[in-house]
Amino acid sequence: MIGRSGAVSRLRALFDGRPVAGAALVVHGDAGLGKSTLVDDTVAFAAGLGVRTLAGSGAEAESPIPFAALHQLIHPLLDRADALPVRQRSALRAAFGAADGPADRMLVALAVFSLLTDLARDRPLLLVTEDVQWMDQPSVEVIGFVARRLTAAPIVLVATCRPAPSDPLGAYGLPRLVLAPMPAAEAAALLESVSPGLDAEIRHRVLDEAEGNPLAIVELARALTRQVPLDPGTLPPRLPLTGRPGSVFAGRVAALPADTRRLLLLAAADPGQSLADLARAAARTGLDLDPLDAAERDDLVTVAGARLLFRHPLLRPTIYHGATLAARLAAHRAFAEVVDDPVRAVWHLAAATVGPDEAVAAELERTARGELARGGPAAAMAGLRRAAQLSPAATARARRFAEAADAARHAGRNDRAMALIRQAREGPADPVAAALTMITEATVSLTIGHREYDIAAQVAVARAVLPVDPGLGAEVLVMAAMHCHSRAAPAAVRDLVTAAVLDLHLDPADPRRVMGLAAADPARYVRQVRPAMLAAIRELPRLPYPVHVALALATDALHLHVEAQRAWMATVDATQHRGAVAELSVALSSLASSRLHTGQLTEALTEADAGRRLSEELDLGGVAAYAAATAAIVHAWRGDTAALDEVLAVVVRPATANVVADLDRARGLAALAGGRFAAAADAFVAARAHPAAAAWGIADLVEAACRAGQADRVRPLLEQTAGYAEPFDSAQLRLLLERARALLADGPAAERHFRASIAEGVTGKWPLEVARTRLVYGEWLRRQRRSVAARDELAAAAQVFDTVGATPWADRARRALRSAGVSVPQTAGSMSALSGSELQIARLAATGLSNREIGDRLQLSHRTVGAHLYRIFPKLGITARAELRQVPGIDAPTPDD
């Protein structure tokens with residue numbers, strides 16, 4: 001370990017004697033810098049502490065196969081899977097092809113985390129994952145999930161990887177150890193230790209060409225010492241092996257017998273092979289396994305169980321890329337004929353194909369669709385891309401590239417999606433491929449957060465494909481409608497979209513028609529689409545996944561957030577089961593917004609934070625901004641100015657119109673709560689750039705303006721909003737409008753509007769907005785010297801504000817109560833004392849679910865659930881699980897309430 005003492009110390013420090021809490025470290029470095037040697041030292045050190053090790057590594061040839069690296073890592077634990085909750089167990093088995101059904105990515109990750117934490121309970125655990133840059137994406141996601149949750153378990157994770165940008169774990173924010181080339185003195189010491197007494201000129205040549213790479217130093221010295229006699233005067237201009245680490249093994253491989261080299265090429269061609277598969281493939285080429293003895297004697301390979309392992313990760317690419325094209329094709333053909341796994345077989349068949357071949361392309365496409373059904377969009381992307389490359393027909397090639405782009409989007413790989421879109425558009429124009437790429441591009445544009453987008457171009461593509469594929473054309477128009485809503489498109493653009501939707505002549509109940517009209521121009525078409533939409537919501541459990549999304553978006557656009565909440569909850573479940581992580585981030589963020597509209601601040605913040613974290617990991621800036629804007633409004637409600645300022649500072653601009661409006665509303669709420677009324681009014685006016693935000697903020701705007709002495713400024717704006725809201729027939733909007741009218745009125749008229757506002761909230765679906773009305777009504781009653789009536793309204797408002805944690809508003813209500821002669825203390829032990837995760841756990845525990853069952857629902861280990869409950873009880877002032885049912889507010893509001 002010459003020259004790596006600092007790295008060794010940092011790795012050993014992870015264990016802190018014997019680990020009782022988890023840690024993770026990613027070792028970065030180019031090939032040959034000693035990553036594997038450091039790992040070997042760490043494994044030996046951990047064994048001395050009594051730590052158990054599980055190890056796995058990435059392989060370039062296995063990267064298209066979902067969960068291949070994960071299976072290698074945890075296969076020793078699979079006999080423990082029967083103890084997992086049913087959903088986790090089913091997802092894990094589906095991931096490894098042992099059961100049918102979707103491999104829900106979240107459930108697979110939770111299952112793996114549960115297995116690992118259970119194993120570590122008896123004995124600390126070291127997880128080693130080498131060559132992460134070659135791992136399949138689903139395995140990387142599970143490893144990243146586990147790595148971020150190790151703090152409470154005695155598990156140490158050590159990963160090795162090539163430097164960024166090839167590091168797929170980079171998005172998870174894990175600690176890094178970066179290896180650099182060895183300094184000159186340490187490189188010289190290493191050379192002396194492996195080849196003492198070298199001639200000074202030869203030593204200088206080795207050190208110069210190795211450039212501080214330890215592996216190059218060792219292998220160059222080893223190659224030179226085989227030359228007898230070793231005469232500095234006869235050395236060639238370049239040494240027998242170059243200093244490039246990828247080539248240092250070439251000489252050793254070249255010296256092996258021909259049959260040994262052929263066997264090694266077979267092994268390099270299929271990293272997932274067992275010795276049995278290797279023997280069958282070898283037999284296809286007229287070989288047995290005996291020639292491997294020479295490679296074992298030269299310390300190039302070893303046998304572990306039923307697998308042949310290369311001693312160094314550089315050996316595999318050196319052998320594979322050093323062979324001729326004909327030899328590589330023959331190796332892949334041999335495996336394609338003998339392996340039982342159809343996914344591996346078709347990839348070998350594709351690797352053995354050098355020119356266009358529709359039969360192979362079709363088989364790859366079929367396999368890719370199967371991967372999508374199993375929840376493996378990254379694998380589907382790779383299969384469809386390769387199928388496109390093998391497609392003889394230009395139209396099929398464009399369509400497959402387009403479908404690969406959509407799979408990339410589902411996998412959260414927007415950069416790859418856009419590159420595949422460009423490839424799909426390189427060939428001759430094809431309306432189907434153009435429509436597919438337009439859908440993907442439009443979705444990516446929304447999730448990334450591009451401010452500008454050509455909606456008219458979407459409509460043109462939709463009309464072009466309608467004669468060929470009406471359903472596909474309708475999907476394009478639905479995306480155009482979504483852009484209209486999020487971007488607050490002008491009337492001319494909305495008319496263009498709605499005219500095209502009406503020209504489809506769809507059934508009035510068709511979700512595509514409902515979504516298209518509702519999102520593009522909700523105020524104009526609400527009466528037409530609402531009956532069909534509400535009927536569909538009642539049938540939601542029996543409807544397919546895409547309909548959930550359409551209905552959720554439509555109900556949001558029509559200001560029916562209770563119904564939208566139901567649809568978004570169903571969408572969250574569906575996206576988890578499909579493994580569509582990008583769509584899951586959208587669903588979580590949208591559910592958070594719906595929770596906010598129904599006054600569920602803690603739930604809204606929990607889901608907004610989850611959607612934001614996931615979208616940031618996937619580089620979905622638009623979704624992250626949407627979730628952050630919802631979180632900002634919650635922070636404003638709660639008076640958490642530090643958290644609000646943090647969100648406002650990090651939201652990426654430019655954002656779409658709906659996000660900008662939400663951010664302006666958050667600023668306005670914070671200013672209103674802080675007594676900065678003119679600033680609040682300005683912020684609420686700015687939020688009116690989006691018509692939906694204008695409706696939701698009208699009462700806030702009027703209150704701020706009245707307190708700032710600007711009542712005349714907002715009277716025409718109130719009438720404008722009332723005209724917009726009238727077609728929606730929304731009790732929630734009427735509640736807000738009546739409060740705004742009350743604030744602008746005097747005498748009996750004001751009281752009439754206050755009471756009308758409270759009456760609109762009689763269903764109990766909007767307790768927070770009702771409490772806001774009770775607050776200003778109570779303040780008005782106190783000014784009218786009606787203290788007894790004022791106390792009732794203010795006390796009711798304070799109780800609601802305390803329950804949801806709206807501290808500034810609760811404080812304001814108590815100040816008003818004191819002025820009315822009543823002192824009301826803050827509610828103790830309320831649900832508002834809990835974090836979002838704690839609230840979810842407390843409510844599920846109150847229903848009687850076990851810790852394992854709660855963990856299965858929330859993607860947590862049962863031990864983490866227990867630790868949360870340990871902290872929850874003191875916050876709620878209780879000592880036993882059975883007391884949870886008596887805590888005020890423990891019953892979560894549901895969309896059906």
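Author: Two strands are taken to pair if DSSP finds at least two bridges between them, and the model to which this is applied here is a predicted one.

Reader: With that criterion, how many bridges join strand 1 to strand 4, which run parallel?
Author: Strand 4 covers residues 155-161 and runs parallel to strand 1. The criterion asks for at least two bridges, and the number joining strand 1 to strand 4 is six.

Reader: Which residue of strand 5 stands opposite V27?
Author: Strand 1 is also joined to strand 5, residues 176-178, by three bridges, and these two strands run parallel. Within strand 5, the residue that stands opposite V27 is L177.

Reader: What is the order of the five strands in the open sheet?
Author: Strand 3, residues 125-130, pairs with strand 4 in the parallel sense over five bridges, and in that pairing the bridge partner of L127 is L157 of strand 4. The open sheet has parallel pairing, and its five strands follow the order 2-3-4-1-5. Strand 2 (52-57) and strand 5 each pair on one side only, which makes them the edge strands, and the twist from one strand to the next averages 15°.

Reader: What angle does the direction of helix 5 make with that of strand 3?
Author: Helix 5, residues 105-122, packs on the sheet, where it touches strand 2, strand 3 and strand 4. Its direction and that of strand 3 make an angle of about 135°.

Reader: Why is strand 1 largely enclosed by the rest of the structure?
Author: A residue counts as buried when its relative accessible area is under 20%. Strand 1 spans residues 23-28, and it is largely enclosed because the number of its six residues that are buried is five.

Reader: Turning to H690, is this residue buried or exposed?
Author: H690 is found in the loop between helix 34 (677-687) and helix 35 (691-696). Leaving aside residues up to four places away in sequence, H690 touches H485, S486, A488, A657, N658 and A661. Its relative accessible area is 4%, and since the cut-off is under 20%, H690 is buried.

Reader: Which residue has its backbone oxygen 2.6 Å from a polar atom of the side chain of H690?
Author: Among the residues that H690 touches are H485, S486 and N658. The backbone oxygen that lies 2.6 Å from a polar atom of the H690 side chain belongs to H485.

Key: Residues are numbered from 1 along each chain as its sequence is written. This is a predicted model: local features need pLDDT of at least 70, side-chain atom pairs count only at pLDDT 80 or more; totals for chains, interfaces and linings use all residues. Side-chain values use heavy atoms; hydrogens and water are left out. Helices (H or I, at least four residues) and strands (E, at least two) are DSSP runs, numbered from the N terminus. Buried means under 20% relative accessible area, exposed over 50%, partly exposed in between (1.4 Å probe, protein chains only). A polar contact is a pair of N or O atoms within 3.5 Å; within protein, one must be able to donate a hydrogen and the other to accept it, and residues adjacent in sequence count only if both atoms are side-chain atoms. Contact means heavy atoms within 4.5 Å. Axes are lines fitted to C-alpha atoms, for helices over the stretch in contact, and angles run from 0 to 180 degrees between N-to-C directions.
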